[in-house]
Amino acid sequence: MIEKLAFYFQYPFVRYALVVGALIALCSSLLGVTLVLKRFSFIGDGLSHVAFGAMAVAAILNFTDDMLFILPVTVICAILLLRTGQNTKIKGDAAIAMISVGALAVGYLLMNIFSTGPNLSGDVCSTLFGSTSILTLTKSEVWLCTVLSIIVVILFLLFYNKIFAVTFDENFAKATGTRADLFNLLIAVIIAFIIVVAMNLVGSLLISALVIFPALSAMRTFKSFFSVTICSAVLSVVCALAGILISILAGTPVGSTIVAIDIIAFGIAYLIGRVLGR
Amino acid sequence: MAQIICQNLSLGYDGKAILQDLNFSIHAGDYFCIVGENGSGKSTLMKTLLHLQPPVSGKILTGDGLKPNEIGYLPQQTQVQRDFPASVREIVLSGCQNRCGFRPFYSKAEKRLTAGAMEKMQISHLSKSCYRELSGGQQQRVLLARALCAARKVLLLDEPVSGLDPKVTAEMYRIIEELNKKDGMTIIMISHDIAAAVTFASHILHIGQSVFFGTKQEYLQSSIGKSFAGTAGGEQK
C-alpha cells in the first residue's frame with residue numbers, strides 16, 4: 001500500500017489535490033462554526049447553487065472569464081442572505097431554500113435551452129458533485145487557492161474576537177458600539193469567496209459537508225469557542241486528507257469519500273460526547 | 001445634568017408609533033424601572049434607548065459624560081445562546097469588545113477588567129465552564145458580568161429575573177441593588193414584576209394606555225400606581 005501511495009505521489013495532480021483539499025477544508029471549517037451557530041448551515045449549499053446559476057448565465061453570455069461574473073453575484077447573494085437573518089419577513093432558512101432552489105432551477109433551465117456542450121447532464125453532475133475536478137487542477141489554480149486560503153486565515157485570526165462577539169449576541173454587540181453589520185458583511189463576503197473558489201475545485205456537495213460536519217463534531221465534544229474552532233479545523237483537514245488518499249487508493253469519487261469520512265468522524269464525536277456526558 | 005434625556009419620544013416599528021410623546025430623564029445613580037403590560041412597548045423602548053432601532057420621532061440625548069455606546073445591556077436569552085459552545089471567560093471578555101475598536105486582540109487591562117467583573121459576580125470559579133451547562137441564575141450572572149465589562153455607568157436590564165426560581169430571583173435583585181448602591185451604577189430595568197419594582201426602584205416609568213413618570217412615592221400615590229401596585233400586591237399574598 002505504501003508503495004502504491006509513493007507511486008501516486010510522483011504525479012503532481014495527486015499532490016495538488018492534497019494541498020487544495022486541505023486548504024479548502026481548513027477555510028471552510030473556520031467559518032463553519034460561526035455559520036452553524038448562526039443557523040446558516042445550509043448557506044454553503046445555497047450559495048453554491050447560486051454560483052451554479054451564475055455559471056450557466058456566464059456560459060450563455062460567452063464571458064471570457066466567468067469568475068468575474070460568478071464571484072460578484074455570489075457575494076451579493078451571500079450579503080443578502082446574511083443580512084436578512086434577523087428581522088425580516090422571510091426567515092434565514094426559508095430565504096436560503098428559496099434562493100438555492102431557484103438558482104439551481106434557473107441555471108439548469110438556461111443551460112438546457114441554450115445548450116452549449118454536448119454532454120449537458122455530465123456537466124451539471126460534475127459541477128454539483130465535483131466528481132473529478134479536484135484531480136484535474138492546474139498549477140495556477142493551486143496558487144490561487146493557496147493565496148486565498150492565507151487571506152482567509154489571516155482575516156479570521158484578526159477578527160476572531162469580533163466574530164465571536166457578533167455570533168454570540170449580535171444585539172449586545174450592536175448596543176455596546178461594535179459595528180456588527182460590518183462584521184456580518186465581512187463574514188458574508190469571506191464565505192462567498194470560499195464557496196466560489198471551492199466549488200470550482202471540489203464541487204458544491206463537498207462544500208456544504210466541509211462547512212457543517214467538522215463544526216458539529218467539534219461542538220459535541222468541546223466546551224469553549226476557541227477549542228471548538230481549533231478542533232473543527234484539525235478534524236476537517238484530517239478528514240479531507242484521509243478522504244483524498246482513500247479515494248485515490250480505492251478509486252472512489254473524491255467528494256463523496258470525504259463526506260463519508262466526515263460522517264464517521266461525527267459519529268465518533270457524538271459517541272465521545274455521550275460518554276463524557278455533554 | 002441627566003445621563004439620558006428623552007424628549008417627545010415616539011417609538012414603534014416601520015414609522016408606526018405605538019407610544020407617543022414620552023418625556024423623561026434618567027440621572028446618575030437612579031434605579032429606574034420601566035413597567036407596563038405585555039405589548040405596551042417596553043422592549044421597543046429598550047431597543048430605542050440602545051440605538052438598535054431609530055425612534056419614530058423625538059430625541060434621545062445623552063449627557064453627563066455618557067457616550068451612547070457606554071450602556072451595558074443584559075438582554076433576554078436567545079435560543080442560539082442556549083446551545084452555544086463558549087466558556088464563561090470568553091463570554092465575559094466579549095463585553096470588552098467595544099473598547100477595542102479595530103484592535104484585533106484584548107489588552108491586559110481588558111483581561112483584568114474581565115477578571116474583576118467575574119469576581120464581583122462570584123463566577124470566577126466557573127471561568128472555564130461551558131456556558132450552556134450552567135443553571136439559569138449562573139447564566140444571568142455571566143451575562144451581567146459581560147454587561148459590566150461593557151459599561152461603567154449605566155446598565156439596562158431586560159426582564160433580568162424571567163424564568164428564575166424565587167430564591168435565585170431574590171439573589172439577582174440583591175446583586176442589582178448592590179451595583180446601584182455600592183458602585184453607583186445607574187440601573188434601568190424593564191420588568192413586569194411591579195411588586196419588585198416598587199420595592200427597589202427610585203423612579204418608575206409606567207407605559208401603556210396611560211403613561212406615568214415620577215419617583216416611586218409619587219407612583220404609589222397616583223391612581224394608576226394604586227391600581228397596578230395594589231393588584232400586584234394582592235397576587236403576592
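Predicted model: local features only at pLDDT ≥ 70, side-chain atom pairs only at ≥ 80, totals over all residues.
Which residues of α3(A) meet α4(A), and which residues of α4(A) do they meet?

On the α3(A) side, the residues are A:Ile43, A:Gly46, A:Leu47, A:Val50, A:Ala51, A:Ala54, A:Met55 and A:Ala58. On the α4(A) side, they are A:Phe69, A:Ile70, A:Val73, A:Thr74, A:Cys77, A:Ala78 and A:Leu81. Sorted by class, that contact has 13 nonpolar and two polar residues, and no charged ones.

Now the geometry of this pair. Helix α4 of chain A covers residues 67-83, and its axis and that of α3(A) come within 9 Å of each other. The two axes cross at roughly 145 degrees. The crossing of α3(A) past α4(A) is right-handed.

One residue from that list deserves a separate look: A:Gly46, which sits in helix α3 of chain A, residues 43-60. Is A:Gly46 buried or exposed? A:Gly46 counts as buried because 28 other C-beta atoms lie within 10 Å, and the cut-off for buried is 20 or more. If we set aside the neighbours within four places in sequence, A:Gly46 has contacts with A:Leu81, A:Ile96, A:Ile99 and A:Ser100. A:Leu81 is also one of the α4(A) residues in the helix pair. For a distance across the chain, take A:Gly46 and A:Phe226: they are 180 residues apart in sequence, and 27 Å separates their C-alpha atoms.

Next, chain A as a whole. Chain A has 13 helices and zero strands. It has 278 residues, and 47% of them are buried. Of the contacts in chain A with a separation of 6 or more, 74% are between residues 24 or more positions apart.

That brings me to the interface between the chains. Here 24 residues of chain A are in contact with 23 residues of chain B. On the chain A side, α8 (160-168), α9 (170-175) and α12 (225-250) each supply at least two residues. By class, this side of chain A has 14 nonpolar, six polar and four charged residues.

Over to chain B, beginning with a sheet. This is an open sheet of three strands, in the order β2-β1-β4, and the pairing is antiparallel. Its edge strands are β2 (16-26) and β4 (57-62) of chain B, each of which pairs on one side only. Ignoring direction, neighbouring strands of the sheet are turned by 30 degrees against each other on average. Helix α1 of chain B, residues 42-49, packs on this sheet and touches β1, β2 and β4 of chain B. The direction of that helix makes about 120 degrees with the direction of β1(B). Within the sheet, strand β1 of chain B, residues 4-13, is joined to β2(B) by seven bridges, and the two run antiparallel. B:Cys6 has B:Phe24 of β2(B) opposite.

Last, the domains. Chain B is divided into domain 1, made of 30-54 and 157-237, and domain 2, which is 73-152. Their C-alpha centres are 24 Å apart. The contact between them takes 11 residues from domain 1 of chain B and seven from domain 2 of chain B. On the domain 1 side, β6 (154-158) and α7 (166-181) of chain B each supply at least two residues. The most comes from α7(B), with three residues. By class, that side of domain 1 has six nonpolar, two polar and three charged residues.

Note on methods. Residues numbered from 1 in each chain as written. Chains lettered and ligands numbered in written order. Helix = DSSP H or I, 4+ residues; strand = E, 2+ residues; numbered from the N terminus. Buried ≥ 20, exposed ≤ 12 C-beta atoms within 10 Å, placed from the backbone. Contact = placed C-beta atoms within 7 Å. Nonpolar A, V, L, I, M, F, W, Y, C, P; charged D, E, K, R; others polar. Axes fitted to C-alpha atoms, helices over the stretch in contact; angles between N-to-C directions. Left-handed = near helix turned anticlockwise from the far one by under 90°. Pairing = 2+ DSSP bridges. Domains from an automatic or database assignment.
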